[in-house]
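Please read these notes with the model open beside you. They are brief and go point by point.

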Amino acid sequence: MDYKNFLNRVLFSILFLIIYFILFFNYSDSIFYFVTLIYLITLIEVLIYFNRMKFILIFYLVFSYLFLILYFRYSFDLYEFTFIILCISCFDSFSYLAGKILGKNKIFYKISPNKTYEGLLGGILITNSIFLLIYLFMDYLNYLTQFDLIILINIIICFSFFGDLLQSYFKRLNNLKDSSNFVPGHGGFFDRFDSFLLVIIPIGLLTQFY
């Protein structure tokens, strides 16, 4: 297992969460602008480093950002949004860890050679377990039933996985290992926030109906 790469991923996640929770506790109204900055940096990466299907990628980012605006404009809940962020981070970290320790069977070798069925299953099980325990023992998202929570968790997991896979496809298409070198030791912002870009689309839609 590449412990250095895993440590880098963990350190970046911790740094991001520290910044996020500083905003959470002190400047919650600024979270939208913080996320907008991430979209802007991701767009810059696409403009600089991606050549093939660049306009499709730009459309994808704009489309995703429109759903972010929709969510913040009509349905934003600070605790729910934090739940989404933590759920994505948890699934990403534990699927990576489970895949590195137990992974043998590749899912889409040509697109993303590191993804395995064992990693995917480990990420799904651990993420569901953690957030169900949080739900049972803390007064958190209590407006959701346990069934609704399970549905929400697994929607986030599903679109996280395909968001990561979609970004990997565009990188392979452009012969890129990382989306940029903006984050030393990690790659780029597109590498780190690829899951969120897709997750926010169904979340933005669902919150208009529930």
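1. Basis. This is a predicted model, in which local features need pLDDT of at least 70 and side-chain atom pairs count only at pLDDT 80 or more, while totals for chains, interfaces and linings use all residues. Residues are numbered from 1 along each chain as its sequence is written, and side-chain values use heavy atoms, with hydrogens and water left out.

2. Salt bridges. The structure holds two salt bridges (a side-chain nitrogen of Lys or Arg within 4 Å of a carboxyl oxygen of Asp or Glu). One joins K115 and D164, at 3.3 Å from N to O. This pair links distant parts of the chain: K115 is in the loop between α4 and α5, D164 is in helix α6, and 49 residues separate them. Helices are DSSP runs of H or I with at least four residues, numbered from the N terminus.

3. Burial of that pair. K115 counts as buried because its relative accessibility is 14% (buried means under 20%, exposed over 50%, partly exposed in between, with a 1.4 Å probe and protein chains only). D164 is buried too, at 17%.

4. The other bridge. The side chains of D191 and K171 meet at 2.9 Å, N to O. D191 sits in helix α7 and K171 in helix α6, 20 residues apart. D191 is buried at 7% relative accessible area. K171 is buried at 9%.

5. Beyond four places in sequence, D194 contacts Y60, G163, D164 and Q167 (contact means heavy atoms within 4.5 Å).

6. S95. This serine is in helix α4, residues 78-102. S95 is buried, at 17% relative accessible area. A polar atom of its side chain lies 2.6 Å from the backbone oxygen of F91. S95 also touches G119 and G123, leaving out residues up to four places away in sequence.

7. Surface patch. L7, L11, I14, I18, I22 and Y27 form a nonpolar patch on the surface, with about 580 Å² of accessible area together. Patch residues have over 30% relative accessible area and no salt bridge; nonpolar side chains (Val, Leu, Ile, Met, Phe, Trp, Tyr) are joined within 5 Å, like charges within 9 Å. Areas come from the Shrake-Rupley method with a 1.4 Å probe; for residues, only the protein chains shown count as cover. I14 lies in helix α1, residues 3-26, and is partly exposed at 42%.

Notes
Helix = DSSP H or I, 4+ residues; strand = E, 2+ residues; numbered from the N terminus. Polar contact = N/O pair within 3.5 Å; in protein donor to acceptor, adjacent residues only side chain to side chain.
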